[in-house]
Amino acid sequence: MAPDTAKSAGAAGAAPGTAPGPDTAVPVLALDRLRWSVGGAVIVDDVTMRVEEGEFVALIGPNGAGKTSLFNLVSGLTRPTAGTVRLAGADVTRHAPHRRARLGMGRTFQTSSVFGDLTVGANVGLAVQARTGESRRFWRRATPDGGAEATGVLDLVRLSHRADAPAADLSHGDKRKLELALLLARRPRLILLDEPMAGVSAGEVGELTTVIRDVHREQGCTVLMVEHHMEVLLDMADRLAVMHHGALLALTDPDSAMADPRVQAAYLGDGA
């Protein structure tokens with residue numbers, strides 16, 4: 001795929017490596033010529049792509065390629081210089097992160113963020129109650145649990161056996177699973193995972209990978225993930241979106257992406 005084609009990959013649904021889908025289908029996420037520059041330096045360069053319902057797209061690239069910057073534009077932490085972000089057809093380009101969350105976008109970050117003083121179950125219960133509008137009642141309860149829904153979420157991420165444990169006592173890998181549970185409790189339509197394996201011990205990567213795969217396949221969640229563990233991505237992703245110097249270099253299936261000489265040159269040229 002030529003660089004110009006890569007920039008528009010996914011926009012029409014018929015380009016090589018894109019999910020075919022009907023032309024009338026509305027993608028869960030659509031980026032159109034998204035651009036972000038600071039002081040004349042272009043950080044994200046006219047990225048156009050779409051993520052279809054139920055798809056798993058992995059965002060990869062050498063260090064400094066613009067992956068996290070693109071995530072920040074998608075989630076609303078950064079406002080683009082130009083271009084649009086659409087979530088299920090709705091233009092959310094100017095929406096703050098919390099408004100995007102209400103419309104079905106959820107994101108994790110490279111650093112863990114859970115309520116360490118609360119139990120695992122209470123963390124998920126709070127997330128459930130926040131979605132259902134019962135968060136005020138939470139503060140009146142000694143042990144909020146979110147009911148059967150919270151239990152189901154904990155089962156899915158394999159943390160039911162730690163429901164009564166303080167979140168602060170979890171291993172780093174289990175905290176990552178808890179963060180995913182907090183997202184699922186909000187019933188997002190699109191999940192953004194920003195390096196979920198970062199800092200996770202080698203022994204925990206396998207189970208965390210299984211949890212993310214189950215969330216995608218069994219729950220039908222749409223996932224956009226940044227991750228450096230290529231063996232993880234090659235096994236899970238439907239497509240790889242490869243970034244280099246802020247631009248979208250390729251958007252295609254994993255085998256085709258890894259065989260692309262431009263992708264290989266980008267990694268080797270950056271020492272990655």
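Select Asp194 and Arg107 to begin: their side chains meet in a salt bridge, with N to O at 3.0 Å. A salt bridge here is a side-chain nitrogen of Lys or Arg within 4 Å of a carboxyl oxygen of Asp or Glu. Asp194 is in strand S7 (residues 190-194) and Arg107 in strand S6 (residues 105-107), so the pair ties together parts 87 residues apart in sequence. Strands are DSSP runs of E, at least two residues, numbered from the N terminus.

This is a predicted model, in which local features need pLDDT of at least 70 and side-chain atom pairs count only at pLDDT 80 or more, while totals for chains, interfaces and linings use all residues. Residues are numbered from 1 along each chain as its sequence is written, and side-chain values use heavy atoms, leaving out hydrogens and water.

Asp194 is buried at 1% relative accessibility, and Arg107 is buried at 13%. Buried means under 20% relative accessible area, exposed over 50%, and partly exposed in between (1.4 Å probe, protein chains only).

Next, select Asp46 and Arg35, a salt bridge at 3.9 Å, N to O. Asp46 belongs to strand S2 (residues 41-51) and Arg35 to strand S1 (residues 29-38), 11 residues apart. Asp46 is buried at 15%, whereas Arg35 is partly exposed at 25%.

Move on to Asp260 and Arg262, whose closest N and O atoms are 2.8 Å apart in a salt bridge. Asp260 is buried at 10%; Arg262 is partly exposed at 23%. Finally, select Arg33, Arg35, Asp45 and Asp46, which salt bridges with shared partners join into one network.

Definitions and conventions:
Helices (H or I, at least four residues) and strands (E, at least two) are DSSP runs, numbered from the N terminus.
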